[in-house]
Amino acid sequence: MDGLNKGLRKVEIAVRWDPSPAGQPSTDLDLVAATYLADAPHGDPAYVVHFDSRSPDGTVTLNRDSKDGQGFGYDEVMTLELDRLDVRYARVVVGVVIQQRPAERTFVSVRNPGLRIREGYTVLAEDDFGGVLGATAATVAEFARDGSGPWGFRAGLRGFEGDPVDFTGAMGSAHRR
């Protein structure tokens, strides 16, 4: 029956949080996606998509970007069109980074954070970042495939406690099998 499995096709990753209290510096969470080539699935990313970049082929899109958590529902939303990714890509790792300006923060200081990953109306994962409270960034999902086969999903938060600038270089090694 594996021949009938189309795998994941179009996935939405969404993050929400409440604004900082009045008089406090704003909190800014950013979604980041790194795409890896089939011949180096745990090496350096082929490209990274974040708040001021996009994927070369339009398959990874940041649909909504918030700098302060104000708004209704989810504040940051990213779409991965996995079914359109070229076969030379075998892995996509998605993470969330807390901007460290104007104040240094970890997830413990983010008010009411939430994560939702879904395909269509099917929720694949939800989390509140409670397992990575001391982290400045975290990987939140891994999507992988063998060859031109279907895309699979692996959930789970993995915290990163270093400088968020270094996160994109380290996020691909966080989910080694």
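Guide: F107 and F129 are both buried, where buried denotes under 20% relative accessible area, exposed over 50% and partly exposed the range in between, with a 1.4 Å probe and protein chains only. The model is a predicted one, in which local features need pLDDT of at least 70, side-chain atom pairs count only at pLDDT 80 or more, and totals for chains, interfaces and linings use all residues. Residues are numbered from 1 along each chain as its sequence is written, and side-chain values use heavy atoms, with hydrogens and water left out.

A search of the whole structure gives four aromatic pairs; rings of Phe, Tyr and Trp (the six-membered ring of Trp) pair if their centres lie within 6.5 Å, and planes under 30 degrees apart count as stacked, over 60 as edge-to-face and the rest as tilted. F107 and F129 form one that is stacked, with 4.6 Å from centre to centre and 5 degrees between the planes. This pair links distant parts of the chain, 22 residues apart: F107 is in the loop between β6 and β7, and F129 in the loop between β8 (122–127) and β9. Strands here are DSSP runs (E, at least two residues), as helices are (H or I, at least four), numbered from the N terminus.

The loop between β6 (89–98) and β7 (114–119) also holds R105. R105 is buried yet has no salt bridge, and the nearest side chain of opposite charge, D28, is 9.6 Å away. Lys and Arg count as positive and Asp and Glu as negative, while His and the chain ends are not counted; a salt bridge requires a side-chain nitrogen of Lys or Arg within 4 Å of a carboxyl oxygen of Asp or Glu. The side chain of R105 does reach the backbone oxygen of S26, at 3.5 Å.

R145, in the loop between β9 and β10, is likewise buried without a salt bridge, the nearest side chain of opposite charge being D86 at 6.1 Å. The side chain of R145 reaches the backbone oxygen of D86 at 2.5 Å, and one of its polar atoms lies 3.2 Å from the backbone oxygen of L85. Residues touched by R145 (heavy atoms within 4.5 Å) include L82, V87, Y89 and W151.

Elsewhere, charged side chains do pair, and the count comes to seven salt bridges. In one of them, E12 and R116 meet at 3.0 Å, N to O. E12 lies in strand β1 (residues 10–16) and R116 in strand β7, so the pair ties together parts that are 104 residues apart in sequence. Both E12 and R116 are buried, and together with R118 they are linked in a network of salt bridges.

E142 forms a salt bridge with R91, the closest N and O atoms being 2.8 Å apart. R91 is buried, as is E142. R91 also lies over the face of Y36, at 5.1 Å from the ring centre; this description requires NZ of Lys or CZ of Arg within 6 Å of the ring centre and within 35 degrees of the ring normal.

E142 forms a salt bridge with R154 too, with the closest N and O atoms 3.9 Å apart. Because R154 lies in strand β10 (residues 152–160) and E142 in strand β9, this pair ties together parts 12 residues apart in sequence. R154 is partly exposed, with a relative accessible area of 24%, whereas E142 is buried, at 1%.

Conventions: Polar contact = N/O pair within 3.5 Å; in protein donor to acceptor, adjacent residues only side chain to side chain. Lists of a residue's contacts leave out its neighbours within four places in sequence.
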